[in-house]
Amino acid sequence: MRAPRWVVALEFTELSPAAEGRPLQPLVAPEFTASGLVNPHRNRRTLGSVHALGVWRMQALTVAGYQSHLFIGEQRFCGPSIVPAHFEAHVAAGQVLPRDALALPERVIQEPTVVFMGWNADVYGEALVDMAPRVQIAARTLGEAPEDLAFLIASNAPNWFRDLAVRAGAARFIEYDQAAERVLLRHALVATHPAASALHPALADIFSRMRPRPAPGAGDAVFLTRRQAQTTRRIQMLNVDEIEAAAEQAGLRVVAPEQLSLADQAQLFADARLVAGEYGSALSNAVFCRRNAVIGAIGVRSARQSAISALCGLRQSYLDPLGDPEDPTGYHVDVDAFRRWLDALLDAADAPVAAAMT
């Protein structure tokens with residue numbers, strides 16, 4: 001009997017970087033954290049565990065659907081090093097139906113192709129921390145220059161997503177229409193993701209390669225406004241006018257990151273000694289900050305921002321807003337508390353590093 005085409009041998013090659021994990025640093029201004037120094041993260045999740053970095057090789061892999069689901073035949077290719085638990089929960093709950101995309105017409109791609117795109121690719125923070133690094137994970141595991149590899153990308157991927165992939169080293173893409181086709185990769189190279197439930201320590205080196213050099217003498221203090229992100233946000237700061245005015249009065253430059261190119265956003269963070277703003281994707285740009293910069297987040301929903309700061313050697317603080325920061329009706333920030341918080345952050349940013357960390 002002829003074997004089905006999806007009977008393939010899986011081969012995993014592991015990347016073993018010489019990198020050390022770093023514990024979370026104490027927060028800069030514990031007066032303003034949600035729960036002192038115990039656990040400032042609203043949902044009380046732990047940082048989780050890391051999974052092996054590397055590349056799965058196989059001779060027949062189907063990529064289908066908006067979330068770039070992976071299939072060997074009709075069986076999903078998943079697991080904790082391929083799909084993060086928070087997204088897998090949506091699949092288990094029936095909120096995402098991966099197999100529906102298998103009904104689309106098939107296109108076969110013969111060329112060796114790297115799969116690095118996945119869930120929530122239109123969310124900037126997840127694309128930056130979870131997906132762009134897979135470009136380097138694939139190249140370094142395979143021992144090839146990123147520009148020599150072909151990377152599978154959705155034809156409707158945002159321009160900023162392509163810019164992230166290029167910043168990580170990708171130069172050549174194979175595009176597919178997620179709404180109109182599924183693709184069968186005859187030689188698939190699937191990079192594992194580095195941030196399933198915790199950030200892999202190898203990300204420190206990967207982000208250092210993506211980080212621009214700070215401009216000579218740079219040391220800006222920046223407040224990120226999210227006015228331009230209103231259509232994609234789950235939450236809204238209701239007294240944003242007061243908060244932005246207080247930030248300017250304290251000497252911070254108010255910047256809308258959505259109005260900047262990716263290169264300019266990276267340079268903004270690389271140059272800054274202090275960045276403050278609402279918790280969310282924009283603050284994930286802290287991966288571009290130089291070591292010992294100060295990051296201040298208003299509100300907190302997970303341990304991700306602390307993990308980024310610990311990984312990149314940054315100093316992290318949180319300010320509790322008034323009310324539930326995830327209330328769809330919005331929330332307020334106490335202006336007096338915000339001013340005291342900025343004073344503490346500026347003091348930390350301007351103090352000698354040794355003194356600031358004691």
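A residue is called buried here when its relative accessible area is under 20%, exposed when that area is over 50%, and partly exposed in between (1.4 Å probe, protein chains only). The structure is a predicted model, in which local features need pLDDT of at least 70, side-chain atom pairs count only at pLDDT 80 or more, and totals for chains, interfaces and linings use all residues. Residues are numbered from 1 along each chain as its sequence is written, and side-chain values use heavy atoms, with hydrogens and water left out.

A disulfide (a pair of cysteine sulfur atoms within 2.5 Å) was searched for across the whole structure, and zero were found. For Cys289, the closest cysteine sulfur is that of Cys312, and a bond is ruled out because the 8.1 Å between them is too far.

Next comes the sheet. Helices (H or I, at least four residues) and strands (E, at least two) are DSSP runs, numbered from the N terminus, and two strands pair if DSSP finds at least two bridges between them. Five strands form an open sheet with mixed pairing, in the order S6-S5-S4-S11-S7. Its edges are strand S6 (75–76) and strand S7 (106–109), each of which pairs on one side only. Two bridges join S6 to strand S5 (residues 69–72) in the antiparallel sense, and Phe71 stands opposite Arg76 of S6.

Rings of Phe, Tyr and Trp (its six-membered ring) pair if their centres lie within 6.5 Å; planes under 30 degrees apart count as stacked, over 60 as edge-to-face and the rest as tilted. By this criterion, seven aromatic pairs are found in the whole structure. The pair of Phe223 and Phe338 is edge-to-face, because the planes stand at 80 degrees, with the ring centres 5.7 Å apart. Since Phe223 lies in strand S13 (residues 220–224) and Phe338 in helix H9 (residues 335–350), this pair ties together parts that are 115 residues apart in sequence. Both Phe223 and Phe338 are buried. Phe338 also forms a tilted pair with Trp341, at 6.0 Å centre to centre and 45 degrees between the planes. Phe338 and Trp341 are three residues apart in H9, and so about one helical turn separates them; Trp341 is buried, as is Phe338. Elsewhere, one aromatic cluster is formed by Phe116, Tyr124, Phe151, Trp160 and Phe161.

A charge is said to sit over a ring if NZ of Lys or CZ of Arg is within 6 Å of the ring centre and within 35 degrees of the ring normal. Arg167 lies over the face of Phe288 in this way, at 5.7 Å from the ring centre.

In helix H5 (residues 203–210), the buried residues are Leu203, Ala204, Ile206, Phe207 and Met210. They lie on the same side of H5, because they cover an arc of only 165 degrees around the axis, the arc being that of the directions from the helix axis to the C-beta atoms. These buried residues pack against helix H2 (124–131), helix H3 (133–142), helix H4 (159–167) and H8. Within helix H8 (residues 304–312) lies Gln305, which is buried with a relative accessible area of 2%. Beyond neighbours within four places in sequence, Gln305 is in contact (heavy atoms within 4.5 Å) with Tyr279, Gly280, Leu283, Ser284, Ala286, Ile295, Gln316 and Tyr318.
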